[in-house]
Amino acid sequence: KTISTTFSGPISKATLDTKITQVETATKKLVTQIKTVPAPNTSDGKAAKQQLDQLSTDVNTTITNAQSAVSQIPSNASAVEVASALIPLAPQVKSLATSAQSAIKSLQSAGGSLASAFKSTASCKNLGG
């Protein structure tokens, strides 16, 4: 959220390259953090792990596609050229946001200790929205 709202000045290939790098770094950190927490050995835990693994894959795929789109933009591209290169990414980003929201809601509504842990962990509270 922070990365997408901190654009200053005109959008160019250089600013997009910087943002993509920031997103990639933040995503790798998130995936690492998610994978270091073992899922509870319950059906809810296994389902949550599967959903988070899929979300990690979707995030990485979207970032790869964004990097590819940005790499196709000429250095001196006009705003129209930049927009044209990015328009195909919109459905992927929207789908990713929906998947992330679904994963969060699923974790919040999970039963037992998984839901309790998610709801009581400070770093997870701000995800509730």
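Begin by selecting Thr 62, which has its place in helix α2, where helices (H or I, at least four residues) and strands (E, at least two) are DSSP runs numbered from the N terminus. What you have open is a predicted model, in which local features need pLDDT of at least 70 and side-chain atom pairs count only at pLDDT 80 or more, while totals for chains, interfaces and linings use all residues. Residues are numbered from 1 along each chain as its sequence is written, and side-chain values use heavy atoms, with hydrogens and water left out.

Keep Thr 62 selected: is this residue buried or exposed? Thr 62 is buried, its relative accessible area being 11%; buried means under 20% relative accessible area, exposed over 50% and partly exposed in between, with a 1.4 Å probe and protein chains only. Next show Asp 58, whose backbone oxygen is reached by the side chain of Thr 62 at 2.9 Å.

Now widen the selection to α2 and to helix α4, residues 90-109, whose axes come within 10 Å and cross at roughly 160 degrees. Axes are lines fitted to C-alpha atoms, for helices over the stretch in contact, and angles run from 0 to 180 degrees between N-to-C directions. The two helices α2 and α4 are therefore roughly antiparallel to each other, a label for angles over 145 degrees, whereas those under 35 count as roughly parallel, 65 to 115 as roughly perpendicular and the rest as oblique. From α2, the residues that meet α4 include Leu 55, Asp 58 and Thr 62, and among their counterparts in α4 are Gln 92, Val 93, Leu 96 and Leu 107.

Turn next to α1 and α2, which pack at an angle of about 165 degrees with their axes 10 Å apart. That makes α1 roughly antiparallel to α2. The contact involves, among others, Leu 16, Ile 20 and Val 23 of α1, and Val 59, Ile 63, Ala 66 and Val 70 of α2.

Which residues form the largest nonpolar core? Select Leu 16, Ile 20, Ala 66, Ala 69, Val 70, Ile 73, Ala 77, Val 82 and Leu 89, the nine residues of that core; a nonpolar core is a set of buried Ala, Val, Leu, Ile, Met, Phe, Trp, Tyr and Cys residues joined through side-chain atoms within 4.5 Å. Both α1 (13-36) and α2 (43-71) supply at least two residues of this core, and the largest share, three residues, comes from α2. Apart from it lies another core, of eight residues, including Ala 48, Leu 55, Val 59 and Ile 63.

Finally, zoom out to the protein chain, which has six helices and zero strands. Of its 129 residues, 23% count as buried.

How values were computed: A polar contact is a pair of N or O atoms within 3.5 Å; within protein, one must be able to donate a hydrogen and the other to accept it, and residues adjacent in sequence count only if both atoms are side-chain atoms. Contact means heavy atoms within 4.5 Å.
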